[in-house]
Amino acid sequence: MDKIKNYASVKKFSQKEGIDLFGVADIRGVKGEFQSLESLAKDLESAICLGVRLSAAILSEIIKAPTRLYFHHYRTVNAYLDQAALKVANFIQRKGFRALPIPASIILNWENQTAHLSHKKLGVLAGLGWIGRNNLLVNEKIGSQMRLATILTDLPIKTDKPSGKDCGACCLCVKACPAQAIKESPVDFDHIKCFEKLKEFQRQKLVDQYICGVCVNVCKGRK
Ligand code: SF4
Ligand code: SF4
C-alpha cells in the first residue's frame with residue numbers, strides 16, 4: 001500500500017513541477033549496466049523516470065540540420081529537467097529515503113555514446129515507450145519529442161511495466177535521416193554514421209554540441 005501511495009505522491013509532485021512523462025522502473029536486473037555508479041546505486045532498487053516535452057514548433061524547422069533555436073531549447077529543457085529532478089530527489093529525501101538524480105545530458109564518452117545509465121532504456125522499463133528505429137525512446141503520444149532524466153532511489157514505490165509496443169509500419173525517420181543511419185530494424189541503427197553526421201553539424205558551427213533533431217522532428221507518436 002505504501003508503494004502505491006508513494007507512487008501517487010511522487011507523481012503528483014513531479015507533475016506540479018512541469019513533468020510531462022512519469023514512470024518507475026525496477027532496476028534490480030539492470031544495475032550491472034550502469035557505469036561509475038557501483039557503490040552509489042548499490043542499495044537503490046527503483047528508477048523514477050521523468051520526461052519533459054520538447055517544443056514541436058521549434059522542432060518543426062529541423063528538416064535537414066539542427067538550428068540555433070533548437071540548440072538553445074535543448075539546453076533549456078535539459079536544465080529544466082535537472083532542476084525538476086533535484087526537487088523530486090529532495091521531496092524523496094524529506095520522506096527519509098535516498099535519491100540520486102542523474103542529469104538529462106551527462107556523457108562519459110561521446111565516441112562510444114556512454115553515460116552513467118541509459119535514460120531511454122529505463123524509460124522503456126518504466127512503461128514510457130519503446131526504443132524506436134531512430135534509437136530513441138518513442139512515446140505513444142508524443143513520439144521522441146522529449147528529454148529525459150532519472151532519479152535512482154530506495155523509496156518503496158510501485159513500478160511500471162514495459163508497454164510491449166513498437167514502431168509498427170512507421171518508417172518516417174528512416175527516410176528523413178541525413179546520414180542514412182536509421183534502418184528498418186532498430187538493432188541495425190548505425191551509431192557511427194549518426195555520430196559522423198553530428199560531428200559534421202558541429203564543424204559547420206550549426207550547434208555547439210553533438211545534436212541533430214531531424215529524427216526527433218518526424219517522430220510524433222502513433223495515435
Ligand atoms: S540524430 Fe540525425 S543523423 Fe542521427 S539518426 Fe537521427 S536524423 Fe540521423
Ligand atoms: S518516426 Fe516512426 S519509425 Fe521512426 S522512431 Fe518514430 S515511430 Fe519509429
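**Exercise 1.** Work out which pocket ligand 1 sits in and which residues surround ligand 1.

*Solution.* Start with the place: ligand 1 sits in the largest pocket. (A pocket is an open set of points on a 1 Å grid over the protein atoms alone, where a 1.4 Å probe fits, with protein on both sides within 12 Å along at least five of seven lines; a molecule sits there if more than half of its atoms lie within 2 Å of its grid points.) This is a predicted model, where local features need pLDDT of at least 70 and side-chain atom pairs count only at pLDDT 80 or more, while totals for chains, interfaces and linings use all residues. Residues are numbered from 1 along each chain as its sequence is written, ligands from 1 and chains from A in the order in which they are written, and side-chain values use heavy atoms, with hydrogens and water left out.

Next, list the shell, taking residues with a heavy atom within 4 Å: among them are Cys177, Cys194, Cys212 and Cys215.

**Exercise 2.** Count the disulfides, then say why cysteine 49 has no partner.

*Solution.* A disulfide is a covalent bond between the sulfur atoms of two cysteines. Here, a pair of cysteine sulfur atoms has to lie within 2.5 Å, and the count is zero. For cysteine 49, the closest cysteine sulfur, in cysteine 219, is 18 Å away, so that's too far for a bond.

Note on methods. 1 Å grid on protein atoms, 1.4 Å probe; cavity = no way out; pocket = protein on both sides within 12 Å on 5 of 7 lines; lining within 4 Å.
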